[in-house]
Amino acid sequence: MTASGVYMLVALVLLVAIALGVWVGRITSYRKSALGTSDTIPEIYIQGLNHLLSERNDEAVEVFLDALRQHPESVDILLALGRLFRRRGELERALRVHQHLLEQPALAPDLRQSVLFEIAQDYLKAGILDRAESILKELLDRQPDHLEGLATLAELYELGSEWMQSIAVRQRLSKAGARGQRPVIAMLYGELAEQSLLAGEAKQAKVFLESARKEDPENPRALVIGGRIAFDRQDWGAALSLWEKLLDSPVESVVLLILQPFLSVLRYAANDTDVQVTRERLLKMCNSPLAVKLLAHALQVVEGTPAATAYLRHVLLRQPDMRVMQVLLELDPDAPEPALYPVMAVAVRRLAVEPAVFYCQSCGYQSPQYYWRCPSCRQWGTFSGGYAL
Ligand SMILES: [Zn+2]
């Protein structure tokens, strides 16, 4: 069975469960009111499910839409069905189901809002952003604190690079009680600040950065951009005080964006002990092979090749690694000198040999033992030795 087949089956099981839930609910209410008994699932549900199982989706839609007249409780089934169609990319069908639901005069207000939200998502998935936007606005007119509606509208604006609009919606979200909005709003102000800088409007960029800092004082994006503005003004002290804060961040990746100007600032700023301490912290922060490589290249540009190779040798003595060795060989034609031989031997020993002797060419399963039939994907004759040298 294909992945989409499995998905369809799972979705159908869920639909059946909903249908049964509706049906049991009906029986319970019948029994409670002691009015007649209907111990069978309405024939029309069975018919609809049969159509779905046979992939006759249009017929299934017709049956369930017809059922709505006599069984108003099948709204849940139709909502689930519409979602299922949307996930499978059958957007016209999804919209048809949802529009039909919306046209029901007796639809309760909360259900109407659920349906509007579904329709907005249908349009969003179809890429018809202006329709999605107007539906979401209609939904939010009816229920201003609809969190999912607000979050979807914000994402829609971000999709269209309408940062100001998104900020306004996220501020509403924040007021309505949604968490984690302020760091995102700060990032969006960062987007606006970068746009202003590109347009040569440094003053406007600063205003946006100030707004970003109000939302999230240590926002890494605002720190990076603020430092860049100071750097361009040759205000080394201001750049340094902003970028130093990035060294407290738990992620090294942001600092990697500004390695070269950061090292330059450290060079230009007064050569006191504080600067040396900051340089040490920056070097220590670069831990991954990628970070070490980027830092070595930045050091080469700002402080010269000897500084870069001295740094790499220092890293290698502490942490023997072939990738770091490779960067050193790139920068220094005389490396490795005899002092590094033991380090190299350790690094080679640590190098993982992939794959582990035998592997399945079909599914990639690895094993030191040879199998005529792959124990993972159960195919015959797919085991092979390692990759060619
Ligand atoms: Zn296999």
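Helix 16 and helix 17 are roughly antiparallel to each other, a label given to angles over 145 degrees, with under 35 counting as roughly parallel, 65 to 115 as roughly perpendicular and the rest as oblique. This is a predicted model, in which local features need pLDDT of at least 70 and side-chain atom pairs count only at pLDDT 80 or more, while totals for chains, interfaces and linings use all residues. Residues are numbered from 1 along each chain as its sequence is written, and side-chain values use heavy atoms, with hydrogens and water left out. Helices (H or I, at least four residues) and strands (E, at least two) are DSSP runs numbered from the N terminus.

**Helix 16 with helix 17**

- The axes of helix 16 (residues 289–303) and helix 17 come within 6 Å and cross at roughly 150°; axes are lines fitted to C-alpha atoms, for helices over the stretch in contact, and angles run from 0 to 180 degrees between N-to-C directions.
- On the helix 16 side, the contact (heavy atoms within 4.5 Å) is made by Val-292, Leu-295, Ala-296, Leu-299, Gln-300 and Glu-303.
- Helix 17 contributes Thr-305, Ala-307, Ala-308, Tyr-311, Leu-312 and Val-315 to this contact with helix 16.
- Nine nonpolar, two polar and one charged residue make up the contact of helix 16 with helix 17; Ala, Val, Leu, Ile, Met, Phe, Trp, Tyr, Cys and Pro count as nonpolar, Asp, Glu, Lys and Arg as charged, and the others, Gly among them, as polar.

**Helix 17 with helix 18**

- Helix 17 (residues 305–318) also packs with helix 18 (residues 322–331), at an angle of about 155° and with axes 10 Å apart.
- Helix 17 and helix 18 are therefore roughly antiparallel, and their crossing is left-handed.
- Residues in this contact include Leu-312 and Leu-316 of helix 17, and Val-324 and Leu-328 of helix 18.

**Helix 7 with helix 8**

- Helix 7 (residues 129–142) and helix 8 pack at about 150°, their axes 10 Å apart, and are therefore roughly antiparallel.
- Helix 7 passes helix 8 in a left-handed crossing.
- Among the residues that meet are Leu-136 and Leu-140 in helix 7, and Leu-153 and Leu-156 in helix 8.
- The contact of helix 7 with helix 8 has ten nonpolar, two polar and two charged residues.

**The zinc site**

- Cys-360, Cys-363, Cys-374 and Cys-377 are the protein donors of the zinc ion, each through SG, at 2.2 to 2.4 Å; donors are N, O and S atoms within 2.8 Å of the metal (3.2 Å for Na, K and Ca), and water is not among the atoms, so sites may look incomplete.
- Along the chain, the zinc donors have the spacing C-x2-C-x10-C-x2-C.
- Cys-360 is in strand 1 (residues 358–360) and Cys-374 in the loop between strand 2 (366–367) and strand 3 (383–384), so the pair ties together parts 14 residues apart in sequence.

**Backbone details**

- The peptide bond from Ala-335 to Pro-336 is cis, with omega near 0°, and Pro-336 sits in the loop between helix 18 and helix 19 (341–350).
- Ser-161, a residue other than glycine, has a positive phi near 55° and lies in the loop between helix 8 (147–159) and helix 9 (163–175).

Definitions and conventions:
Left-handed = near helix turned anticlockwise from the far one by under 90°.
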